[in-house]
Amino acid sequence: MERESQTRWPRRAKLVDGSRAPREITKKTLETARLKTVQPITMDALAYVIREGKSGGQYGVIFAGPPYCKGPLDRDYLAELLEGDLRKLLKPDGIFVAEAEVGWGITQEDFIVPNGWKLLTRREYGKNALLFFQSTE
(Lines give C-alpha, C1' and ligand atoms only; values in the text may rest on other atoms or scores of the structure.)
Protein backbone atom coordinates (compact mmCIF):
# COMPACT_ATOMS: atom_id res chain seq x y z
CA MET A 1 0.00 0.00 0.00
CA GLU A 2 1.33 3.45 -0.90
CA ARG A 3 1.71 5.84 2.00
CA GLU A 4 -0.57 8.88 1.84
CA SER A 5 2.37 11.27 2.33
CA GLN A 6 3.97 9.95 -0.85
CA THR A 7 0.94 10.91 -2.91
CA ARG A 8 1.15 14.51 -1.71
CA TRP A 9 4.83 15.07 -2.53
CA PRO A 10 5.41 16.82 -5.85
CA ARG A 11 7.17 14.87 -8.57
CA ARG A 12 9.49 17.82 -9.15
CA ALA A 13 10.30 21.03 -7.31
CA LYS A 14 12.57 24.01 -7.86
CA LEU A 15 13.98 26.14 -5.07
CA VAL A 16 14.95 29.61 -6.29
CA ASP A 17 17.20 31.87 -4.22
CA GLY A 18 19.38 34.79 -5.28
CA SER A 19 22.13 34.03 -2.77
CA ARG A 20 24.79 31.33 -3.16
CA ALA A 21 25.06 30.55 0.58
CA PRO A 22 21.54 29.09 0.95
CA ARG A 23 22.06 27.13 -2.28
CA GLU A 24 24.98 25.20 -0.79
CA ILE A 25 23.04 24.48 2.41
CA THR A 26 19.97 23.47 0.41
CA LYS A 27 22.05 21.24 -1.87
CA LYS A 28 23.58 19.40 1.10
CA THR A 29 20.17 19.04 2.77
CA LEU A 30 18.64 17.63 -0.41
CA GLU A 31 21.53 15.16 -0.79
CA THR A 32 21.16 14.05 2.83
CA ALA A 33 17.41 13.59 2.41
CA ARG A 34 17.95 11.88 -0.97
CA LEU A 35 15.51 14.23 -2.69
CA LYS A 36 16.76 13.99 -6.25
CA THR A 37 13.70 15.60 -7.80
CA VAL A 38 14.32 18.98 -6.14
CA GLN A 39 16.46 21.40 -8.11
CA PRO A 40 18.12 24.38 -6.36
CA ILE A 41 18.49 27.44 -8.61
CA THR A 42 20.63 30.48 -7.80
CA MET A 43 18.82 33.39 -9.41
CA ASP A 44 16.76 36.43 -8.47
CA ALA A 45 13.19 35.18 -8.02
CA LEU A 46 11.63 37.99 -10.06
CA ALA A 47 14.05 37.36 -12.94
CA TYR A 48 13.28 33.64 -12.71
CA VAL A 49 9.54 34.30 -13.01
CA ILE A 50 10.10 36.34 -16.16
CA ARG A 51 12.38 33.67 -17.67
CA GLU A 52 10.05 30.79 -16.84
CA GLY A 53 7.03 32.75 -18.09
CA LYS A 54 8.68 33.05 -21.50
CA SER A 55 9.52 29.33 -21.61
CA GLY A 56 5.96 28.26 -20.78
CA GLY A 57 6.75 26.39 -17.55
CA GLN A 58 3.71 25.81 -15.34
CA TYR A 59 3.40 24.83 -11.70
CA GLY A 60 0.62 23.62 -9.43
CA VAL A 61 1.95 25.40 -6.35
CA ILE A 62 4.33 28.34 -6.05
CA PHE A 63 5.55 29.36 -2.61
CA ALA A 64 7.38 32.62 -1.90
CA GLY A 65 8.98 33.51 1.41
CA PRO A 66 11.46 36.13 2.60
CA PRO A 67 12.82 38.73 2.10
CA TYR A 68 9.97 40.41 3.88
CA CYS A 69 8.75 43.95 3.46
CA LYS A 70 9.28 45.28 7.00
CA GLY A 71 8.73 48.98 6.55
CA PRO A 72 7.23 51.63 4.29
CA LEU A 73 10.47 52.12 2.33
CA ASP A 74 11.24 48.42 1.83
CA ARG A 75 10.82 46.75 -1.53
CA ASP A 76 7.77 44.47 -1.46
CA TYR A 77 8.85 41.50 -3.54
CA LEU A 78 5.58 39.66 -2.96
CA ALA A 79 3.53 42.54 -4.33
CA GLU A 80 5.89 42.66 -7.33
CA LEU A 81 5.33 38.96 -7.93
CA LEU A 82 1.54 39.43 -7.83
CA GLU A 83 1.72 42.42 -10.18
CA GLY A 84 4.16 40.70 -12.57
CA ASP A 85 4.11 37.57 -14.70
CA LEU A 86 3.57 35.05 -11.90
CA ARG A 87 0.09 34.08 -13.17
CA LYS A 88 1.69 32.75 -16.36
CA LEU A 89 3.53 30.14 -14.26
CA LEU A 90 0.47 28.73 -12.51
CA LYS A 91 -1.62 25.92 -13.88
CA PRO A 92 -5.31 26.90 -14.16
CA ASP A 93 -6.09 25.49 -10.70
CA GLY A 94 -2.68 26.42 -9.25
CA ILE A 95 -2.10 28.19 -5.94
CA PHE A 96 0.39 30.91 -5.02
CA VAL A 97 1.32 30.87 -1.33
CA ALA A 98 3.05 33.97 0.01
CA GLU A 99 4.69 34.11 3.43
CA ALA A 100 5.00 37.63 4.83
CA GLU A 101 5.49 39.50 8.07
CA VAL A 102 2.21 40.67 9.58
CA GLY A 103 1.64 44.42 9.39
CA TRP A 104 3.71 45.21 6.29
CA GLY A 105 3.39 44.90 2.54
CA ILE A 106 0.71 42.52 1.34
CA THR A 107 -0.44 41.74 4.89
CA GLN A 108 -1.71 45.27 5.53
CA GLU A 109 -5.47 45.53 5.80
CA ASP A 110 -5.60 48.19 3.08
CA PHE A 111 -3.60 46.11 0.60
CA ILE A 112 -5.54 45.84 -2.64
CA VAL A 113 -5.23 42.46 -4.33
CA PRO A 114 -4.03 43.13 -7.89
CA ASN A 115 -6.36 42.43 -10.81
CA GLY A 116 -6.22 38.83 -11.94
CA TRP A 117 -5.84 37.42 -8.41
CA LYS A 118 -8.21 36.24 -5.70
CA LEU A 119 -7.13 35.93 -2.06
CA LEU A 120 -8.44 32.51 -1.01
CA THR A 121 -7.42 32.59 2.64
CA ARG A 122 -5.04 34.15 5.09
CA ARG A 123 -3.51 32.35 8.07
CA GLU A 124 -1.49 34.08 10.77
CA TYR A 125 1.14 32.30 12.84
CA GLY A 126 2.66 34.68 15.36
CA LYS A 127 4.31 37.54 13.46
CA ASN A 128 4.08 35.75 10.10
CA ALA A 129 1.19 35.17 7.73
CA LEU A 130 0.54 32.79 4.87
CA LEU A 131 -1.64 34.18 2.10
CA PHE A 132 -3.13 31.81 -0.47
CA PHE A 133 -3.90 33.29 -3.89
CA GLN A 134 -5.40 31.88 -7.07
CA SER A 135 -5.42 33.43 -10.51
CA THR A 136 -8.78 34.58 -11.83
CA GLU A 137 -7.58 34.66 -15.43
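**Pocket, cavity and aromatic cluster**

Colleague: How many cavities of 30 Å³ or more does a search of the whole structure find?

Modeller: Keep in mind that this is a predicted model. A search of the whole structure for cavities of 30 Å³ or more was run, and the count is one.

Colleague: Which residues line the largest cavity, and how much space lies in it?

Modeller: The lining includes Y68, C69, D76, L78 and A100. E101, W104, G105 and I106 also belong to the lining. By class, six are nonpolar, one is polar and two are charged. The space in the largest cavity is about 40 Å³.

Colleague: How much space lies in the largest pocket?

Modeller: Its lining has 42 residues. Nearest the centre of the pocket lie K14, L15, V16, I62 and F63. The space in the largest pocket is about 1400 Å³.

Colleague: Which element gives the most to the lining of the largest pocket?

Modeller: Several elements each supply at least two residues, among them β1 (13-17), α2 (20-33), β2 (38-42) and α3 (45-55). Others include α4 (77-83), α5 (86-89) and β4 (90-101). The most comes with six residues, from β3.

Colleague: What classes of residue make up the lining of the largest pocket?

Modeller: Eight residues of the lining are polar and eight are charged. The other class counts 26 residues, and that class is nonpolar.

Colleague: Is D17 buried, partly exposed or exposed?

Modeller: D17 sits in strand β1. Its C-alpha atom is 14 Å from that of Y68, a residue 51 positions away along the chain. Buried would need under 20% relative accessible area, and exposed over 50%. D17 has 32% relative accessibility, so D17 is partly exposed.

Colleague: How many aromatic pairs does a search of the whole structure find?

Modeller: The whole structure was searched, and the number of aromatic pairs is three.

Colleague: Are the rings of F96 and W117 stacked, tilted or edge-to-face?

Modeller: The ring centres of F96 and W117 are 6.0 Å apart. F96 lies in strand β4 and W117 in strand β5 (residues 117-125), so the pair ties together parts 21 residues apart in sequence. The planes of F96 and W117 meet at 50°, so the pair is tilted.

Colleague: What is the geometry of the pair W117 and F133?

Modeller: W117 is buried at 6% relative accessible area, and F133 is buried at 0%. The ring centres of W117 and F133 lie 6.3 Å apart. Their planes stand at 75°, so the pair is edge-to-face.

Colleague: Which residues form one aromatic cluster?

Modeller: F96 is buried, with a relative accessible area of 0%. W117 lies in strand β5 and F133 in strand β6 (residues 128-135). The cluster is formed by F96, W117 and F133.

Definitions and conventions. Residues are numbered from 1 along each chain as its sequence is written. This is a predicted model: local features need pLDDT of at least 70, side-chain atom pairs count only at pLDDT 80 or more; totals for chains, interfaces and linings use all residues. Side-chain values use heavy atoms; hydrogens and water are left out. On a 1 Å grid over the protein atoms alone, a cavity is a set of points where a 1.4 Å probe fits but cannot get out, and a pocket is an open set with protein on both sides within 12 Å along at least five of seven lines; lining residues have an atom within 4 Å of a point. Grid points are joined across faces, edges and corners, and a volume is the space filled by probe spheres set on the points. Helices (H or I, at least four residues) and strands (E, at least two) are DSSP runs, numbered from the N terminus. Ala, Val, Leu, Ile, Met, Phe, Trp, Tyr, Cys and Pro count as nonpolar, Asp, Glu, Lys and Arg as charged, and the others, Gly among them, as polar. Buried means under 20% relative accessible area, exposed over 50%, partly exposed in between (1.4 Å probe, protein chains only). Rings of Phe, Tyr and Trp (its six-membered ring) pair if their centres lie within 6.5 Å; planes under 30 degrees apart count as stacked, over 60 as edge-to-face and the rest as tilted.
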